[in-house]
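Subject: Structure for your files

Hello,

Please find the structure below. My notes follow it.

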Protein chains: 2
Amino acid sequence: MSAREAARPVRKRGRPTAIERVERRAQILEAALPVFLDHGYGNATVDQLATAARVTKRTIYSYFDDKAGVFTAMVRTLATTVSSDAPDADTLESLATRIVYRLNSAELIGLHRLVIGESTRFPELARTLHDSGDSRHIARLADHIRSERGQDAAPRAQPLFSLLLGEEHRKRLLGLSPPATAAEAAAHADRALALLGLLAESE
Amino acid sequence: MSAREAARPVRKRGRPTAIERVERRAQILEAALPVFLDHGYGNATVDQLATAARVTKRTIYSYFDDKAGVFTAMVRTLATTVSSDAPDADTLESLATRIVYRLNSAELIGLHRLVIGESTRFPELARTLHDSGDSRHIARLADHIRSERGQDAAPRAQPLFSLLLGEEHRKRLLGLSPPATAAEAAAHADRALALLGLLAESE
DNA sequence: CAATAATGACACTAACAAGTATCATTGTAT
DNA sequence: ATACAATGATACTTGTTAGTGTCATTATTG
């Protein structure tokens with residue numbers, strides 16, 4: 001019923017260029033996330049996916065085999081995007097802050113909700129998401145800890161990650177709190193670092 | 001296709017006693033969890049719920065308004081069960097161990113998966129689950145910390161809870177690891193307590 | 001013992017959704 | 001230029017599912 005769903009195809013007809021084809025594929029996947037989030041994988045319809053992408057159902061099926069194909073492609077694309085767009089942070093603090101901020105974003109929370117909810121039926125997506133998300137984050141934290149705080153502190157990377165998520169993230173997953181602001185993320189990260197004795201002794 | 005789904009009603013006909021009616025309601029809800037877990041809320045059918053409970057669809061609708069009614073009743077029942085069956089633990093260590101063990105059980109993991117996945121469409125269930133789960137756990141941890149480790153340590157209850165969940169719990173939600181054994185739960189709890197300086201100085 | 005609540009069995013309806021088919025149309029590729 | 005790939009528009013097929021209706025049956029309740 002939303003404006004998104006009411007939209008009608010807007011592209012012209014005719015054979016698209018190779019570039020346009022890539023763009024359109026991305027456009028379909030991008031539009032798919034909100035639809036799956038609003039209705040859940042099981043209840044989302046292909047017609048809704050088509051309308052949201054401003055494309056006809058016919059076109060969806062020219063890019064993907066079926067509904068599951070759209071879903072898996074969407075998750076994979078987002079997962080790899082997330083893991084590749086990680087800009088190198090200068091300090092442990094800034095890295096921790098970035099992680100907190102990103103992980104509480106509406107986009108990533110939604111993605112996690114979907115994958116967790118469907119993990120029984122799409123186990124490979126759960127694996128993909130974890131490998132390109134948590135694992136990578138923990139490794140990056142370990143690298144920074146090692147170089148900035150010494151070898152001994154490296155085993156604290158995983159607990160640190162758990163604290164960076166914290167109760168806040170659980171509430172986010174359940175839809176009980178809004179995304180963290182940049183300031184909140186920084187404060188949260190500092191608290192977690194302090195608890196583990198990983199905060200730089202400044203001033 | 002599973003044996004569960006193939007089962008047929010087994011009860012006799014006729015008017016049940018008041019007690020039987022209560023039992024049957026519980027029986028329906030109990031059978032509903034595996035069905036919702038296997039198929040997801042959206043894809044689970046009322047026929048599957050009926051067959052799993054060894055009851056006819058007609059009977060389901062005599063206890064609940066609709067599919068959503070079965071779902072919400074099931075979650076509420078499980079949530080209150082969980083929060084009430086909490087046996088008082090003697091020490092902080094044993095409480096922490098219990099929490100780790102329970103939270104990684106197949107039952108609670110499944111419940112969380114469902115509620116997280118459907119949190120957009122059933123926000124009140126998310127609230128219920130959090131209130132009767134996390135909130136209560138953190139409060140109990142805080143009580144024990146206060147009485148066993150002193151007032152100052154109480155603020156560490158929430159971080160402690162986050163560490164008790166830890167990366168392990170995230171993997172569990174994604175279906176990437178099996179339930180923790182009792183021994184694993186104890187070891188994990190001790191590690192978390194040690195990290196926050198909350199482990200009793202024994203020996 | 002009579003009235004009636006609850007059930008199983010089973011058919012049925014109405015809605016909805018996945019995926020396909022057709023066809024005219026447009027613009028790319030060659 | 002000409003073939004043809006991809007699309008929008010639209011209708012259609014086929015299967016599924018939520019929820020209801022009916023009726024005989026059983027046993028509780030009063």
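Which residues touch the most other members of the largest nonpolar core? They are A:Leu164, B:Ala32 and B:Leu164, in a core of 113 residues. A nonpolar core here is a set of buried Ala, Val, Leu, Ile, Met, Phe, Trp, Tyr and Cys residues joined through C-beta atoms within 7 Å. A residue is buried if 20 or more other C-beta atoms lie within 10 Å of its own, exposed if 12 or fewer, and partly exposed in between, with C-beta atoms placed from the backbone. Helix H2 (residues 18-43) of chain B gives the most to this core, namely eight residues. Helices (H or I, at least four residues) and strands (E, at least two) are DSSP runs, numbered from the N terminus.

Before the rest, the conventions. Residues are numbered from 1 along each chain as its sequence is written, and chains are lettered from A and ligands numbered from 1 in the order in which they are written. This is a predicted model, in which local features need pLDDT of at least 70 and side-chain atom pairs count only at pLDDT 80 or more, while totals for chains, interfaces and linings use all residues.

Chain A

Chain A has 10 helices and zero strands. Its C-alpha trace spans about 65 × 35 × 30 Å along the principal axes. Of the 203 residues in chain A, 41% are buried. Among contacts between residues at least 6 apart in sequence, 69% join residues at least 24 apart; two residues are in contact if their C-beta atoms, placed from the backbone, lie within 7 Å.

The two copies

Chain B is superposed on chain A by a rotation of 180° with 0.0 Å of shift along the axis, at an RMSD of 0.0 Å. The two copies are therefore related as by a two-fold rotation axis. The same surface serves both, since 100% of the contact residues of chain B recur in chain A. The superposition is by least squares on the C-alpha atoms of residues with pLDDT of at least 70 in both copies.

The contact takes 36 residues from chain B and 36 residues from chain A. On the side of chain B that touches chain A, H2, helix H7 (106-117), helix H8 (123-149) and helix H9 (157-173) each supply at least two residues. H9(B) has the largest share of that side, 11 residues. By class, the side of chain B that touches chain A has 16 nonpolar, 11 polar and nine charged residues. Ala, Val, Leu, Ile, Met, Phe, Trp, Tyr, Cys and Pro count as nonpolar, Asp, Glu, Lys and Arg as charged, and the others, Gly among them, as polar.

How do the two H2 helices pack, and at what angle? H2(A) and H2(B) pack at about 125°, with their axes 6 Å apart. That angle makes H2(A) oblique to H2(B). Axes are lines fitted to C-alpha atoms, for helices over the stretch in contact, and angles run from 0 to 180 degrees between N-to-C directions. Angles under 35 degrees count as roughly parallel, over 145 as roughly antiparallel, 65 to 115 as roughly perpendicular and the rest as oblique. A:Gly40, A:Tyr41, A:Gly42 and A:Asn43 meet B:Gly40, B:Tyr41, B:Gly42 and B:Asn43.

Individual residues

Contacts listed here leave out residues up to four places away in sequence.

- B:Leu164 touches B:Ala96, B:Ile99, B:Val100, B:Ala189 and B:Ala192.
- B:Leu193 is in helix H10 (residues 182-195) of chain B and is buried, with 22 C-beta neighbours inside 10 Å. B:Leu193 touches B:Glu93, B:Ala96, B:Leu198 and B:Leu199. B:Leu193 and B:Ala96 are 97 residues apart in sequence, with their C-alpha atoms 8.5 Å apart.
- A:Ala126 is in H8 of chain A and counts as buried, with 21 C-beta neighbours inside 10 Å. A:Ala126 touches A:Val115 and A:Ser119, and from chain B it touches B:Leu174, B:Gly175 and B:Leu176.
- A:Arg54 has a positive phi of about 55° although it is not a glycine. A:Arg54 sits in the loop between helix H3 (46-52) and helix H4 (57-63) of chain A, and is partly exposed, with 17 C-beta neighbours inside 10 Å. B:Arg54 also has a positive phi of about 55°.

Regards
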